[in-house]
Amino acid sequence: MLKRALGLPDATAMVVGTIIGASIFVQPSEISAQMPTPGGILLVWLAAGILTLFGALACAELASAFPRTGGVYVYLTEAYSPAAGFLWGWAMFWSMHTGIIAAIAMIFARYAAVFVPMGDMGLRLTAVGLILVLSAVNILGVRYGGRVQTAFTAAKVSAILVMIVAGLLLSRDASIYHLQSPASEPATFNGFVLAMAAGLFAYGGWHMVTFTAGETRDAASTIPRALVAGVLVVTACYAGLNFVYLRVLPLGALRTSTRVAADAADALMGAGGAGLMAALVMISTFGAVNGIILSGPRVYYSMAHDGLLFRWFGEVHPRFQTPHRALILQAVWASALTLTGTYRALFTRVIYTEWIFFAAMAGALFVLRRRANYSPAYRIWGYPIVPAVFAIAALVVVAIQVAADPRDSAIGLGMVLAGLPVYLLWLRK
């Protein structure tokens, strides 16, 4: 039996900490490349935050109705069938969840190399070391993992607030004030949609807090509050940081930069700014990896208890009361992906399929509200418009990815659907 040790601060920290990883510090150039004006760029970040909030609200109602360990897996199973839940867990373990652990751990290692130069194998071993250390922390107890998450999220948000305040105070000189940059060309609808897709990916990870519902005190109330509060905090941080980027960097430099936060820090504080930003990215990615490692095994634990995985996958440590075997297997597979570099292909091909599941999750509200026994403690504001808008936006993200790279998209979808015959064989067994 898992222990309910997480409160509202821990759950909120998980939402904020898993969303804010590295993308906001490294490469918001995808959005600025599509939008010709600073105002348009800020609009995209705010609009993406609002759409993410719509998804969080839909998830909040489902969490209040089914406050059980597993989150999205539980909602898909309840609304559609165990097959839908199984495919979500299948994709999570083999690529989506473990792949993002490996990817963010590698970003941590690359920024660690700013202070301790290392080669390619050194980077991989550093990333694996991070995965193993944080997996061990989370095996020792969800309370320890929650405390690490809360501490690093607080440090991350504090550093972002310092950067925003510094950007407002230190960039008063009109010579470096770039918010009035004229548009080089008019904005297009296609450009706005592409920018929104990039923005929504930067807001990814908000749903993971639902995986730990079985270890959250008063989950039916805490999870919805954490989702809403966390997404609002992230939206404020993203909008504030991009305002600073636009204030201190020319639009052309913003579009071409691959380390925009470091470039902005250099513009504000001189050559030492890049080192400070490297430290901030390390803090941010450390917290993000911890939250992702903490949350994922709860899905595998729930699947095992539903008979969709081997029972030993769902074993709880007798002393620490954590799903230790699921944590170990996740760490082993994520480490293997890191050492071989295969996470790149897996992650880029499969991550878009997560949005198919998100659309299905929002659609679950329409399915479940027709059932007499459905009684959520919280009902989404703006139903049916809010979940419908989010579901449509999720499908647009999928369509954009498929249009941009149909071959890899087909491979990625095939990898996810390969779980279906496995599911049918499992049922027969």
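The expected span of a helix is taken as 1.5 Å times one less than its number of residues, and helices (H or I, at least four residues) and strands (E, at least two) are DSSP runs numbered from the N terminus. Helix H10 (residues 219-248) has 30 residues and reaches 43 Å from its first C-alpha to its last, close to the 44 Å expected. Of the 30 residues in H10, 21 are buried, where buried means under 20% relative accessible area, exposed over 50% and partly exposed in between (1.4 Å probe, protein chains only).

The model is predicted: local features need pLDDT of at least 70, side-chain atom pairs count only at pLDDT 80 or more, and totals for chains, interfaces and linings use all residues. Residues are numbered from 1 along each chain as its sequence is written, and side-chain values use heavy atoms, with hydrogens and water left out.

The protein chain holds 19 helices and zero strands. Its radius of gyration, taken over C-alpha atoms, is compared with a globule rule of 2.2 Å times the number of residues to the power 0.38. For 429 residues a compact globule would have a value near 22 Å, and the 21 Å of the protein chain agrees. Buried residues make up 58% of the 429 residues. Among contacts (heavy atoms within 4.5 Å) with a separation of 6 or more, 82% join residues 24 or more positions apart.

Thr338, in helix H14 (residues 324-340), is buried, with a relative accessible area of 0%. Beyond residues up to four places away in sequence, Thr338 touches Ala102, Met106, Arg124, Ala127, Val128, Ile131 and Tyr343. One of these neighbours, Arg124, meets Asp120 in a salt bridge (2.9 Å, N to O); the term denotes a side-chain nitrogen of Lys or Arg within 4 Å of a carboxyl oxygen of Asp or Glu. Both residues belong to helix H7 (residues 120-139), where they are four residues apart, about one helical turn. Arg124 counts as buried at 10% relative accessibility, whereas Asp120 is partly exposed at 44%.

The structure holds six salt bridges. In another of them, the side chains of Arg369 and Glu61 meet at 2.8 Å, N to O. Arg369 lies in the loop between helix H16 (353-368) and helix H17 (385-404) and Glu61 in helix H4 (residues 38-65), so the pair ties together parts that are 308 residues apart in sequence. Glu61 is buried at 0% relative accessibility, while Arg369 is partly exposed at 24%.
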